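Please keep the sequence and the 3D view open while reading.

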Amino acid sequence: MQVDGGRIRVPGFGWMTVRRRGGDPYANGEPVSAVLKREGGKWTAVVCYRVPAVECSDNGHVVGVDMNAGQIATSDRRIFPAPDARRLHARVRRYRKQLARQRRGSRRRDRTRQRLARTTRRIAMKRHDWHHRTSRALANTAGTVVIEDLNTAGMTRSAKGTVEEPGRNVRQKAGLNRVILETGWGGLRRMLEYKARRVVAVDPAYTSRTCASCVVVDAGSRKRRDRFECVACCHADHADLNAAANILALVTGASARGGCRGNGPVNREINRRAA
């Protein structure tokens with residue numbers, strides 16, 4: 001396929017106009033390749049440009065990021081809530097029930113299937129847009145971003161168990177798994193790795209139970225999901241903001257925080273520079 005300004009030439013169809021929201025982001029760039037794909041009944045052209053390399057600057061700031069279900073928090077006391085898609089999820093459930101009732105091969109079932117595909121695509125695009133905006137805000141704030149090295153696959157494993165040893169709180173665990181996957185920790189991390197100057201992944205063990213003030217580790221300090229009240233020094237804070245401060249301390253080298261890291265985390269540092 002050929003690209004010429006705001007037009008793209010598709011073999012068998014000829015030249016077609018490309019609609020870009022916000023205009024051409026690389027007006028001076030050279031188009032290298034283009035891929036045409038269809039998602040949710042809509043055609044999208046993905047155009048790759050050759051642009052000059054941009055060197056990521058390091059402003060010397062370091063920020064810790066705590067990834068939670070439905071939101072993330074930073075050590076500079078910012079909370080980025082994930083987009084609210086409850087109405088879209090309710091629509092998805094309604095369409096799936098309609099599909100189960102409708103006759104296969106019917107036109108009504110085909111319309112419902114198309115509506116379901118469009119709705120799921122809207123949910124994915126809202127999450128994708130949030131990842132881009134949040135990762136850009138973090139990369140602009142700090143040259144070094146400290147994140148948790150989370151095992152998402154293990155954390156979202158089903159709690160059903162076996163027939164001999166059935167699991168407990170299966171429905172509650174399934175709901176938590178859905179929220180974790182909808183937040184998209186992996187997608188946010190991938191964007192940070194190529195936008196930020198330096199990304200450091202640390203072992204998150206005990207960061208949510210450790211007091212950021214006196215570094216005492218106690219599970220009883222988590223009074224509620226979003227509330228942290230230290231049982232030793234009575235330090236009170238938002239639980240995610242307290243955990244973000246502990247994540248930052250794992251990299252800044254505060255020796256007084258050794259109690260929350262055990263034998264020491266296995267840090268994995270990722271350097272990303274625009275090439």
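## Positive surface patch

Helix 2 is the main contributor to the positive patch, giving seven residues; helices (H or I, at least four residues) and strands (E, at least two) are DSSP runs, numbered from the N terminus. The patch consists of Arg19, Arg21, Lys42, Arg107, Arg108, Arg111, Arg115, Arg118, Arg122 and Lys126. Patches are made of residues with over 30% relative accessible area and no salt bridge, with like charges joined within 9 Å and nonpolar side chains (Val, Leu, Ile, Met, Phe, Trp, Tyr) within 5 Å. Lys and Arg count as positive and Asp and Glu as negative, while His and the chain ends are not counted. A charge is placed at NZ of Lys, CZ of Arg, CG of Asp or CD of Glu.

One of the patch residues is Arg19, located in the loop between strand 3 (14–17) and strand 4 (30–39). Arg19 is exposed at 83% relative accessibility, where buried means under 20% relative accessible area, exposed over 50%, and partly exposed in between (1.4 Å probe, protein chains only). The areas come from the Shrake-Rupley method with a 1.4 Å probe, and for residues only the protein chains shown count as cover.

## Basis of the values

The model is predicted: local features need pLDDT of at least 70 and side-chain atom pairs count only at pLDDT 80 or more, whereas totals for chains, interfaces and linings use all residues. Residues are numbered from 1 along each chain as its sequence is written, and side-chain values use heavy atoms, with hydrogens and water left out.

## Salt bridges

Side chains of opposite charge can pair when their charged atoms come close. A salt bridge here is a side-chain nitrogen of Lys or Arg within 4 Å of a carboxyl oxygen of Asp or Glu. Over the whole structure, the search finds nine salt bridges. One of them joins Arg133 to Asp129, with the closest N and O atoms 2.8 Å apart. Both residues belong to helix 2 (residues 107–141) and are four residues apart, about one turn of the helix. Arg133 is exposed at 59% relative accessibility, and Asp129 is partly exposed at 36%.

Asp76 pairs with Arg78 in a salt bridge whose closest N and O atoms are 3.2 Å apart. Asp76 is partly exposed, with a relative accessible area of 34%, and Arg78 is partly exposed as well, at 25%.

## Arg77

Which residue does the side chain of Arg77 meet in a salt bridge? The partner is Asp237, at an N to O distance of 2.9 Å. Arg77 lies in the loop between strand 7 (71–74) and strand 8 (79–81) and Asp237 in strand 13 (residues 236–238), so the pair ties together parts that are 160 residues apart in sequence. Asp237 is buried at 11% relative accessibility, whereas Arg77 is exposed at 52%.

Arg77 also has a positive phi of about 65°, although it is not a glycine.

## Cysteines

How many disulfides does the rule give? The count is zero, a disulfide being a pair of cysteine sulfur atoms within 2.5 Å. The sulfur of Cys214 has its closest cysteine sulfur in Cys233, 3.5 Å away, which is too far for a bond. Cys214 is partly exposed at 25% relative accessibility, and Cys233 is partly exposed at 34%.

Cys234 is another residue other than glycine with a positive phi, near 65°. Cys234 sits in the loop between strand 12 (227–229) and strand 13, and is exposed with a relative accessible area of 65%.

## C-alpha separations

Ser33 lies in strand 4 and is partly exposed at 33% relative accessibility. The C-alpha atoms of Ser33 and Val47 are 5.9 Å apart, while the two residues are 14 residues apart along the chain.

Val216 belongs to the loop between strand 10 (198–202) and strand 11 (222–224), and is partly exposed at 31% relative accessibility. Between the C-alpha atoms of Val216 and Ala232 the separation is 7.0 Å, for residues 16 residues apart along the chain.
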